[in-house]
Amino acid sequence: MMRTRPLKVALLGCGVVGSEVARIMTTHADDLAARIGAPVELAGVAVRRPSKVREGIDPGLITTDATALVKRGDIDVVIEVIGGIEPARSLITAAFEHGASVVSANKALLAEDGATLYAAAEEHGKDLYFEAAVAGAIPLIRPLRESLAGDKVNRVLGIVNGTTNFILDKMDSSGAGYSEALDEATALGYAEADPTADVEGFDAAAKAAILAGIAFHTRVRLDDVYREGLTEVTASDIASARRMGCTVKLLAICERASDGKSVTARVHPAMIPLSHPLASVREAYNAVFVEAEAAGQLMFYGPGAGGSPTASAVLGDLVAVCRNKLAESTGPGESAYTQLPVSPMGDVVTRYHISLDVADKPGVLAQVATVFAEHGVSIDTVRQQGRQDGSGEASLVVVTHRAPDAALSGTVEALRKLDTVRGVASIMRVEGE
């Protein structure tokens with residue numbers, strides 16, 4: 001039997017995502033009520049610019065006082081889509097203190113200080129749900145928190161930023177350089193006016209921290225995630241990958257160490273074989289590959305950003321939180337019982353693709369091979385090609401076997417010191433094998 005008294009919802013933020021959440025709450029009100037077991041009512045919308053016209057939203061609901069809204073006491077659920085660290089953190093903790101559960105899309109805050117939010121939710125017996133914080137509409141957080149709760153996840157490998165995937169896809173499919181591909185992404189609305197958070201890997205790193213924490217039941221913060229962006233990826237790198245039967249993707253990689261005593265989390269461009277499922281993820285789509293002990297290999301794929309996809313994830317959480325409210329229960333909270341340390345990037349075992357500009361004369365390959373041997377790095381393949389431009393230089397491409405990243409980095413630094421090495425044209429990790 002449906003409860004007639006509505007559950008009241010406060011919405012913090014009414015931008016691209018927030019306005020879509022409000023629209024769906026209004027147009028699908030009957031369906032949401034049927035699924036929850038009670039009607040839901042938008043009780044207030046906190047914004048920074050109240051004069052802006054917001055179609056479909058009662059102007060009487062608009063307020064600039066977000067703090068007063070979350071402290072009203074009659075609010076059942078607060079939806080936070082304003083982003084950033086403050087005032088979002090203070091507003092969320094205030095919501096818990098005044099009796100509301102929270103649905104958030106705030107990846108930056110969860111990665112930076114998720115422990116504080118979890119603790120506040122637990123202290124007050126409320127829910128904290130955040131499916132929309134990672135990979136938009138793709139159901140990912142809930143499968144990791146709930147469906148795989150009885151399994152042991154060993155690895156999470158994913159494309160979790162649509163802007164960077166669009167840029168790399170265009171570079172691969174059209175031969176465009178980074179700047180040209182970024183300009184196209186901006187023109188189509190995939191890239192922000194300031195794309196730094198995306199192209200430098202900050203967005204993906206925040207998502208990697210969240211995924212690693214859930215997958216490995218340990219606390220992983222943004223500062224624990226090794227990060228490289230894609231601004232240094234060149235058309236030559238893309239062409240080299242193609243010659244190897246690979247493509248280049250900006251990957252978020254979270255791994256449990258083979259001995260189970262530590263974890264790693266990292267974001268960087270990498271070459272992956274065309275045979276890998278992630279290689280076929282095109283344009284602005286996201287995909288995450290999960291490897292679990294019992295379940296095996298799972299792949300989650302779909303649109304990773306945008307108003308409607310993200311709103312879909314927010315509303316899925318809203319339904320779950322409201323159901324919990326009616327049942328006088330809460331969903332899963334923080335699971336950090338393993339307390340595993342996060343190893344630095346230097347301890348990660350990986351592979352390198354290294355392109356060198358070298359003197360085109362006998363003995364160079366032997367010198368280069370000696371450097372690799374001195375650092376304990378085994379070479380998988382070597383390709384050398386002379387140039388016809390009269391420069392007296394050649395291109396030397398080396399692909400290594402797996403080795404600690406610190407050893408590989410040390411190898412590159414030693415190579416730079418050789419008189420016969422004119423320059424290191426590119427360095428990229430190889431993944432997915």
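Which residues of α4 are buried? They are Ala88, Leu91, Ile92, Thr93, Ala94, Ala95 and Phe96. The model is predicted.

**Helix α4**
- Helix α4 spans residues 88-97, and seven of its 10 residues are buried, so the rest of the structure largely encloses it.
- Buried means under 20% relative accessible area.
- Just after α4 comes Gly99, with a positive phi of about 95 degrees.

**Helix α7: geometry and ends**
- Helix α7 covers residues 162-174, 13 residues in total.
- From first C-alpha to last, α7 reaches 18 Å, close to the 18 Å expected at 1.5 Å a residue.
- The N-terminal end of α7 is capped by Asn161.
- In this cap, a side-chain oxygen of Asn161 lies 3.2 Å from the backbone nitrogen of Thr163.

**Helix α7: burial and packing**
- In α7, 10 of the 13 residues are buried, so this helix is largely enclosed by the rest of the structure.
- The buried residues are Gly162, Thr163, Thr164, Asn165, Phe166, Ile167, Leu168, Asp169, Lys170 and Met171.
- Helices α8 (178-187), α9 (196-199) and α11 (235-243) pack against the buried residues of α7.
- Strands β7 (153-159), β9 (246-256) and β11 (285-292) pack against them too.

Note on methods:
Residues numbered from 1 in each chain as written. Predicted model: local features only at pLDDT ≥ 70, side-chain atom pairs only at ≥ 80, totals over all residues. Heavy atoms only, no water. Buried < 20%, exposed > 50% of the residue type's maximum accessible area, 1.4 Å probe, protein only. Helix = DSSP H or I, 4+ residues; strand = E, 2+ residues; numbered from the N terminus. Expected span 1.5 Å × (residues − 1). Contact = heavy atoms within 4.5 Å. Polar contact = N/O pair within 3.5 Å; in protein donor to acceptor, adjacent residues only side chain to side chain.
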